[in-house]
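Here is a friendly briefing to read beside the model. Have the sequence and the 3D view open as you go.

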Amino acid sequence: MAPRFQGVDFYALDALLSDEERMIRETVREWVDDRVLPVIEEAYIGRHFPEELIPEMGELGMLGANLPEEYGCAELNNVAYGLIMQELERGDSGVRSFASVQGALVMYPIHAFGSEEHRREWLPQLASGAKIGCFGLTEPDYGSNPGGMITTARRSGDGWVLNGTKMWITNGSMADVAIIWAQTGEIGDASSIRGFVVPTDTPGFTARDQKGKLSLLASDTSELHLEDVEVPESALLPGSGGLKSPLMCLTQARYGIAWGAIGAAMACYAEALSYAGARVMFDGPIGGKQIQQVRLADMLTGITQAQLVAWRLGRLKDEGAMTPQQVSLAKRANVNMACEVAREARRLLGGNGILVEYSAMRHMANLESVYTYEGTDDIHALILGQAVTGIAAY
Amino acid sequence: MNIIVCVKRVPDTETRVRVGDDGVSIDPSGVKHVLSPYDEFAVEAALRLREGAGSGEVAVVTLGDDSSQETLRSALAMGADRAVLLKGEVSHDGLATAKALAAEIGEADAPLVLCGVKAADDDQQQVGPMLATLLGRPCATAVSSFELADGTVRCRSEVEGGTALFELPLPAVLTITKGEYEPRYASLKGIMAAKRKPLEVKDAAASPSRLKVETMELPPERAAGRIVGEGADAVPELVRLLREEANVL
Ligand SMILES: Cc1cc2nc3c(=O)[nH]c(=O)nc-3n(C[C@H](O)[C@H](O)[C@H](O)COP(=O)(O)OP(=O)(O)OC[C@H]3O[C@@H](n4cnc5c(N)ncnc54)[C@H](O)[C@@H]3O)c2cc1C
């Protein structure tokens, strides 16, 4: 059996966590060692999400873990939630993406914008993993600028008719239910954007696997087509209103990504460190060469900084004091850090670094998606630029 | 039926231990501690019994210092109902531990007491049978599965080269080995619930250790491997070494 992952804690940050937060992290860490790592290589090469993991993720309470117990969720604080994301992404970004979408992009809007019937109907089933959800915001021509979307919802009798195409939708083909964002008013009027809970077996709804990916291979990424999809009035998320509703969901998901990226980086660093100690070249371990030591020192520094950012962000979120701009900083900084760590780890591993038996290149490729989705690195820079200058530069 | 499970806090089997400066104990710095894996099997067995019966209580008891509260919490997180910490010194004297546990368990209404077959740290396999003797109960050791039937417990135990079946009248003490009892993960909800479950702390009945550790040493580093030659020519030498040096043939 491979040795258990020991984590990276150069700054004794464990002391900043409660006993419960540590126990939750250890439990998910162990679960990832036991369940994710043995299957992830095969899933990645085979280009499919390891669906067999879903029931246990639900049973253990990893889905929508920061939502209330009365709807079947674990009602953890946000630091514990973040630690779950970190550990899942230590396994694979695809597994964390699944949990992020299910929790932050499907369960969160149902909880925040849904009716009580929506919550009772969907949250327990989504928490247990009995049902899978996806989040349809991005369109082929509206990525960084979702406010321009052209998917429409038009009133018809007692309900609505949806038309449009959504692209890059995580969990899209596996999903039982989709949260679809659509314009209910004139195209270009972002204030008319509303969310709809659409069962994926509704006539006119089709999902197609996105072919040709070179990143996030152990994840379902799909295109959704909605052609005259008729839904009742009750499909509307009554509390949703305007672009800010989906953006609030993204803030939740980005928060989790800021933690998740640390997990991917820790996996790469730990792998690089162990390889550096074992690989002998020019009569000594490569870990004894100055260049590799700089690599490792940079990785450790980046991870430690990211841990502090995520921890503080989590405490702010629990106090209700976190701002979306702070989330932008954390998502951008931590994902960037993870991309660098993964790339340097891959390089340190030499030829072996390109093999799927090692995790560095898998993480490196995955993180390119993470860099792009949920607001690209550029977009988060522009959000921060606007925050400090007061001038929007999108 | 109420079940008591005796558990112990031990260094994580994954941790690399170092001998402390005193030369007679493990240096605690940087060592992660866990619920002894064999005790996890026992907790799992108890939880399954309770779940199967739909009633009863699972209590976990340990002898240790305050840090053992964390160990008890992990058993509570798995699903145990309540916990007792007997505060006292943990020694290498199994009888001292067994006496402290027996004083607590005494006449408790718990027909079944489960222990791990051994503690993952000192491996002595003493506490369970000694506890049974002190309680005047029968004991089966290294039980890989068991079931209850009319006031008795039927156990399968792993013995050299096979399985032994025992039937014991209740109340009884069993020491549990892995067998069927792959422990569950504590659910995240369970971890939060554990915080709210009763954990009683009291002083252990004093029972001084009669064993003294003289020295503690790590096993010697394993010598590097040796290549005796290449191809078929090397086979006779390899066979000779395996027979004469390694004593494995
Ligand atoms: C694997 C994967 C999974 C995804 N899952 C989902 C999902 O579940 N649901 C969902 O709705 N979406 C999802 N997305 C979509 C994702 O959010 C978008 O890809 C992202 O928002 C970027 O949009 P785009 O791809 O259209 O790029 P574009 O917006 O076309 O950007 C192209 C480039 O231009 C830059 N750029 C854009 N605008 C500006 C500007 N104003 N100034 C300077 N530079 C700019 C970008 O930073 C980028 O470098 C996913 C994407 C991927 C890759």
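**A hairpin in chain A**

Strand E2 (residues 152-156) and strand E3 (residues 159-170) of chain A run antiparallel and are joined by five bridges. Strands (E, at least two residues) and helices (H or I, at least four) are DSSP runs numbered from the N terminus, and two strands pair if DSSP finds at least two bridges between them. This is a predicted model, where local features need pLDDT of at least 70 and side-chain atom pairs count only at pLDDT 80 or more, while totals for chains, interfaces and linings use all residues. Residues are numbered from 1 along each chain as its sequence is written, with chains lettered from A and ligands numbered from 1 in the order in which they are written.

- A:Arg154 stands opposite A:Val161 in E3(A).
- Two residues lie between the strands of this hairpin, and A:Gly157 there takes a positive phi near 60°.

**Domains of chain A**

- Chain A is divided into domain 1 (13-128), domain 2 (133-235) and domain 3 (244-389); the bounds come from an automatic or database domain assignment.
- The centres of domain 2 and domain 3 of chain A, taken over C-alpha atoms, are separated by 30 Å.

**A loop residue in chain B**

- B:Asp123 sits in the loop between strand E6 (112-116) and helix H4 (127-135) of chain B.
- B:Asp123 is exposed because it has 10 other C-beta atoms within 10 Å (exposed means 12 or fewer, buried 20 or more, partly exposed in between, with C-beta atoms placed from the backbone).
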